[in-house]
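Biologist: I would like to learn how to read charged side chains and overall shape in a model. Please take the features one at a time.

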Amino acid sequence: MEIQLWREILEPYALAVDEMSVKFNHIIESYRKAGMYSPIEQVTGRVKTISSILEKAQKKNIPLESMEKSIEDIAGIRIICQFIDDIYKVVDLIRNRTDMQIISEKDYITHKKSSGYRSYHLIVTYTVETLYGPKTIHAEIQIRTLAMNFWATIEHSLQYKYKQNMPDVLRKRLHNAADAIVVLDDEMSSVRGEIMDAQNSFNIRANIVADILTNIQNLYKVANKREVVKIQDEFFRIYESEDLKQLERFNKELDIISEGYRAQSLR
């Protein structure tokens with residue numbers, strides 16, 4: 001198969017990865033802008049390299065002409081969550097979407113692999129608009145916690161190094177590490193409420209501070225400089241006190257002042 005033909009084949013997959021990554025990142029932003037906890041922490045995507053596709057086709061005796069039908073993970077999206085419960089929430093989010101349809105699922109969390117690998121895999125169909133019209137492709141979505149992803153990344157590197165011939169001692173230690181990851185995820189889930197409260201407080205504070213700084217910056221353009229300096233000094237005093245309620249009150253009062261100067265409409 002010519003190199004140029006490979007490029008034409010893989011272009012829709014690259015487009016799908018780009019579009020799906022943007023959409024999942026938009027979910028994160030939507031949750032955070034609404035002041036809500038996002039079940040998605042990070043999103044990454046990739047298109048399999050030509051060498052990886054050839055290796056998989058050879059390993060599974062797949063003719064290259066049927067490669068697109070038989071290899072379902074040419075396009076790959078990885079979604080990282082903080083907690084195990086978040087994984088199943090993300091699966092539900094994807095189930096309810098109309099722009100991608102789930103055609104198969106593998107729950108390697110409830111039923112982990114013998115190696116210790118844990119993750120949730122979905123194969124979906126996704127349609128992209130290409131120069132030659134719409135094209136529906138398969139994509140794999142892997143959903144896992146931060147801890148699961150750390151283990152899987154290390155395990156993948158070792159498997160690549162030893163070409164499926166990993167020493168038994170190393171395999172045993174890797175399996176022990178997988179057991180430790182299970183304990184870690186369970187412990188993090190047990191204190192989920194405390195973690196989420198802390199993160200939500202941080203996000204709320206960060207958003208309020210951003211609003212205040214924008215208002216102060218705009219007031220410098222239209223208001224008396226001495227008055228703005230007083231406002232700025234008051235902000236620093238409250239900020240250093242780390243009193244969230246005072247910060248919220250100050251933000252509301254500053255909004256009223258800014259509305260009086262019509263400063264909120266300034267860019």
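Biologist: Is arginine 32 buried, partly exposed or exposed?

Modeller: Buried means under 20% relative accessible area, exposed over 50%, and partly exposed in between (1.4 Å probe, protein chains only). Arginine 32 has a relative accessible area of 33%, and is therefore partly exposed. This is a predicted model, where local features need pLDDT of at least 70 and side-chain atom pairs count only at pLDDT 80 or more, while totals for chains, interfaces and linings use all residues. Residues are numbered from 1 along each chain as its sequence is written, and side-chain values use heavy atoms, with hydrogens and water left out.

Biologist: With which residue does arginine 32 form a salt bridge?

Modeller: Side chains of opposite charge can pair when their charged atoms come close. The rule for a salt bridge is a side-chain nitrogen of Lys or Arg within 4 Å of a carboxyl oxygen of Asp or Glu. Arginine 32 pairs with glutamate 41, with 3.8 Å between the closest N and O atoms. Glutamate 41 is partly exposed, at 26% relative accessibility.

Biologist: How many salt bridges does this rule give?

Modeller: The count is 13. One of them joins lysine 48 and aspartate 73 at 3.6 Å, N to O. That pair links distant parts of the chain, 25 residues apart: lysine 48 is in the loop between β1 (42–47) and α2 (50–59), and aspartate 73 in the loop between α3 (67–70) and β2 (75–81). Lysine 48 is buried at 16%, and aspartate 73 is buried at 10%.

Biologist: Where do aspartate 179 and lysine 112 lie?

Modeller: Their side chains meet in a salt bridge of 3.3 Å, N to O. Aspartate 179 is in helix α6 (residues 168–190) and lysine 112 in the loop between β3 (100–107) and β4 (120–130), so the pair ties together parts 67 residues apart in sequence. Aspartate 179 is partly exposed at 31%, as is lysine 112 at 36%.

Biologist: What are the helix and strand counts of the protein chain?

Modeller: Helices (H or I, at least four residues) and strands (E, at least two) are DSSP runs, numbered from the N terminus. The protein chain has 9 helices and 5 strands. Its radius of gyration is 25 Å, well over the 18 Å that the globule rule gives for 267 residues, so the chain is more spread out than a compact globule. That radius is taken over C-alpha atoms, and the rule is 2.2 Å times the number of residues to the power 0.38.
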